[in-house]
Amino acid sequence: VSFIPGGLDCSISFVSHVLGKVCVHGRQKEILGVLMPHLTDLTKSHCIWQRICWRLVECVPDRWMEAVVLGFVQGAPGADVLSRLLGNLVVKNKKAQFVVTQKMLLLQYGHTTAVLQDLLGYLSLDSLRRPLLLRVLQELLETWSSSSAVKHSPVEQQLYISKAILICLSHMKEPEIESCRQELLTSMMEGVKCHLDSSLPQLRRLGMVVAESISLKINTEGPALKFEYEEDDETRELKSLLVQTPPFCVVPSLPDDDRSEKAAAALPLVPESNEKPHTAAPVMPDEELDAELDSDDDLAPYDMSEDKELKIKAPVYIRDCIEVLTGSRSEDVDKWEATVKALESLIRKNPAATREVSVELAKILLHLEEKTCTEGFVELRQRAQVAVLTTDPIPVAKYLTSQFYSLNYSLRQRMDILDVLVLAAQELSCPKFHGKTKHSGAQKPCIQLLTGSDSSKDWRGIVDERIKSKTRRFNMGQSHVELASHPNEFNSVAGHFFFPLIQHFDRPLTTFDLLGEDHVVLGRLVHTLAILMYLAVNTVAVTAMGKALLEFVWALRFHTDSYVRQGLLSCISSLLLSVPTERILADMTEELLETQSWLGDVMEKDPDGDCRRLALQNLLLMENLKKKLEAVPS
């Protein structure tokens, strides 16, 4: 550096070639971990070293530029340091511009939030680079608002793009936002619609958070968008990205005395004593004083400690419950609430009376709306529906499955039907324990109710538990306690639960289109069929159910919604676990070979991680079937 002011020419292209060669061979951390700290210190106050550093990266050949830029971005301790080291490289070099504005933001999604903040902060720190920041924001919003990208991109990439959008918004200035306000509004409206249409709660929440943030930026005077959702660590992190934190400044060290003096000067003045400061009592005018004396505050309250709340007696007959639930008189609200709370136990205690009016009662409960703010009303109604269905399974199941495809029902009511069918099937298929016998060493099968996308998580536990039960283990531990045998009540009614649901899925109605915009209900239907298939193990109809389910899966295997595809893969798992191996190999050999090829494609190409994992699990189950076939003597 001392020779440069003397007018001597210096070339660092050789060093640039060495740096590029080392980085392209995957040794960015080793060389830049040593080089960057020195360059960071030297470029703080020396403009010549800044020019040398800029020249160093500018002279890297294009074929190695990506590796060098990536190493600098990942290793820089902050956006200001990255700006000093790279300068306006993204403006001068097209390859570097493509890496920074396209590849690292739109084609990759594995970088940390800190790297995103440094990268976008680097674009915002110079007037020549700020147009690139605006262009990046527009391209990110275009991807975020694309329905095709939302359907076919992994959730992790959607989260990555959302973070980048919020960081860009935190760096935008008011004139820049004003210049593209209409474009931001259009992208926000299209993007929030695409995300709210998704059946994955995480994607819907991402759309809400980003839309709220964009609305907050473009509507500085009027009211901003506000959605209702549960906040978690992810949403809190996203909202924190919208607030730009000031850069950290290193303060030169001071002597101890000076430091204590400056700290004392910075603190606000606090009274030395611990006594609370006395405030002067306000002086009230005479008129206000007279009004206060005339108030009713001095009247003694009436003693109501001996009063007892009147308890409304619930009906004791099923037909009386029907009359109360269908009545319209407002004075019977308390009795209505008591009836809802007592209905489940009344149904289970009087099965004969329930069977006489089971379908009528199921219809009333399906259409029942909350009249009062009854605590746990939805759960109470659902438990009563399950009690009716388990008491009289065949006629009630026929009614509910027929109503699932009927007109004039809301999506919520259709999903309620699916939930009730699952819970009732689980109750009918599980063994009942009588008396006080404890089975400490035994585990009851457990299936949780479908709630949103959590069903895929429940299915992982179900499949894993079933695979463990089919795995042979040799140990000398304590033997398991045998469960008391009990007939499977689901055996004789499984077909009434299953086949009506699978019949009319491809027939759109005026207000209900499973293969169209109502894919959320389709996802719930697919998961419900998977659970019913799982619960039908050892039943007479299990083979016919398996063949019908395999045809159903094959018709929908290329569905664009990831939640639906997860349910289809769960159907394959339940089929492999429930249908006897002999029947699978005898009746479904060709179909399973085609399914195996499809599962291989899903495992390699599906953008959703859960789908890839479920496909791999199904392939392992098929491999076990193949080994079992080879082990059978001919």
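What does the accessible surface of the protein chain come to, and what percentage of it belongs to carbon and sulfur atoms?

Modeller: Happy to! This is a predicted model, where local features need pLDDT of at least 70 and side-chain atom pairs count only at pLDDT 80 or more, while totals for chains, interfaces and linings use all residues. Residues are numbered from 1 along each chain as its sequence is written, and side-chain values use heavy atoms, leaving out hydrogens and water.

The accessible surface (Shrake-Rupley method, 1.4 Å probe) comes to about 36300 Å², and 55% of it belongs to carbon and sulfur atoms. The protein chain has 32 helices and zero strands; helices are DSSP runs of H or I with at least four residues, strands runs of E with at least two, numbered from the N terminus.

Now to the close look. Helix H7 (residues 94-107) packs with helix H11 (residues 155-171) at an angle of about 135 degrees, their axes lying 9 Å apart. The axes are lines fitted to C-alpha atoms over the stretch in contact, with angles from 0 to 180 degrees between N-to-C directions. That makes H7 oblique to H11, since angles under 35 degrees count as roughly parallel, over 145 as roughly antiparallel, 65 to 115 as roughly perpendicular and the rest as oblique.

Who touches whom? H7 brings Met104, Leu105 and Leu106, and H11 brings Gln157, Tyr160, Ile161 and Ala164, where contact means heavy atoms within 4.5 Å. By class, six of these residues are nonpolar, one is polar and none is charged; Ala, Val, Leu, Ile, Met, Phe, Trp, Tyr, Cys and Pro count as nonpolar, Asp, Glu, Lys and Arg as charged, and the others, Gly among them, as polar.
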